Amino acid sequence: MVKIAQILVAAGKGARVGGDIPKQYRILGSKTVLERTVAATLASGHIDETIVVIAAGDEMAANVLRKYDVRFAFGGASRTESVMAGLDTFSRSAPDYVLIHDAARPFVSSALISRLVSALTASDAAVPVLPLSDAVKAYDGVIGDDIDRAGLRAVQTPQAFHYEKIKAVFDALPNGASFADDIAAAKNADLSIAVVDGEASNYKLTYESDFERAERDLMSQSYTAVGTGYDVHRYAEGDILWLCGVPIECGYTLLGHSDADAGLHALTDALLGAICLGDIGDHFPPSDPKWKGASSDKFLEFARDAISERGGIIEHIDVTLICEKPKIKPHRQAMRARISDLLGLPLTRVSVKATTTEKLGFTGRGEGLAAQAAATVKLPS
């Protein structure tokens, strides 16, 4: 059985894109670029071992990739030196094939990896290319002559090789040798090179505009989830009743371990349900004394932040309060405004309404109130 390894080159500083951290650690959606790239390549099912080449002193990679079975190597001053470090890492257990990929190409597809692996059955190396669709002109500060694009191709990664052959190529390089990519080193050594179709979606994140495009692409791949929640609380003696984050002075209250805000409890469950994160009791159990008398704002903010960490966007919420008392209409706008503030949503995307059960059931008898909620959330695929 053929053993296939990959080297992900992640030792660069990403100076062209700017920012305080290397581009491979920028957040794209809910994950770093590096994690997205690792996940995309491993999803192909072809990769048996992964080496991530990082800069010396890099303390972020191990944390970012802690849930993945990867090993690390420290890169050099150039891409060629970094790849060399990655190839040397396999010395004790050499793979048959090795794919070398830019960590800043997080949208590589399984189909592209399959094409590269298949091409290695008849060639020493394989490279994905794309034809150029734009006009190409010489440029040295001013527009120069046209260049015939028919004979030009844009070259992508991953680039695939028979391990022993590309290792021998790099071992023979003189000190200081530097190539723009690894297929150039293979060509320089006269290895046979197969060409496969690249993919426009497999672009490299180099400039800020590339990140803007990537965010748009992720959102276009998103899906809409709907969560629902339901909660009930009994009336009890007291002065203030909390409902949808608003205090209502009515001469009674709701019985519960926290502030018993049934509206926010139902809404919290709806948000947690949209991301399949259980219910409010899983995260804030009433058996825990730390939540005694706690403001339900905290529960809602937890669900809001959990959605944000997944790269999700809350699009719309709808709360229905079911009770004979208190009267909801005088407080409805304040409730909408409070939820809008807690979730960072425009008021036009927050609905609060009320109904009765026509004197039927426990709410009809005035023993307590109920609340139900629905939340619409957009999540990355």
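Colleague: Which residue in β15 does I240 stand opposite?

Modeller: I240 stands opposite E249 in β15, where strands are DSSP runs of E with at least two residues, helices are runs of H or I with at least four, and both are numbered from the N terminus. Please keep in mind that this is a predicted model, in which local features need pLDDT of at least 70 and side-chain atom pairs count only at pLDDT 80 or more, while totals for chains, interfaces and linings use all residues. Residues are numbered from 1 along each chain as its sequence is written, and side-chain values use heavy atoms, with hydrogens and water left out.

Colleague: How many bridges join β14 to β15?

Modeller: Four bridges join β14 (residues 240-243) to β15 (residues 246-249), and the two run antiparallel; strands count as paired if DSSP finds at least two bridges between them. Together they form a hairpin with two residues between them, and C244 in the turn has a positive phi of about 55 degrees.

Colleague: And which residues of β14 are on its covered face?

Modeller: The covered face of β14 holds L241 and L243, whereas I240 and W242 are on the uncovered one.

Colleague: Changing topic, which residues touch the most other members of the largest nonpolar core?

Modeller: They are L271, I317, V319, L321, M335, I339 and L343, in a core of 42 residues. Such a core is a set of buried Ala, Val, Leu, Ile, Met, Phe, Trp, Tyr and Cys residues joined through side-chain atoms within 4.5 Å, and buried means under 20% relative accessible area, exposed over 50% and partly exposed in between, with a 1.4 Å probe and protein chains only.

Colleague: Which helix gives the most to this core?

Modeller: Helix α8 (residues 262-274) does, with eight residues. Leaving out residues up to four places away in sequence, L271 touches L300, A303, I307, I314, L343, A375 and V377, a contact being heavy atoms within 4.5 Å. Another core, of 26 residues, lies apart from the largest one, and among its members are V53, V169, L173 and I183.

Colleague: What about S287, buried or exposed?

Modeller: S287 is exposed, with a relative accessible area of 67%, and lies in the loop between α9 (280-283) and α10 (297-309).

Colleague: How far apart are S287 and T157 in space?

Modeller: They are 54 Å apart, C-alpha to C-alpha, and 130 residues apart in sequence.
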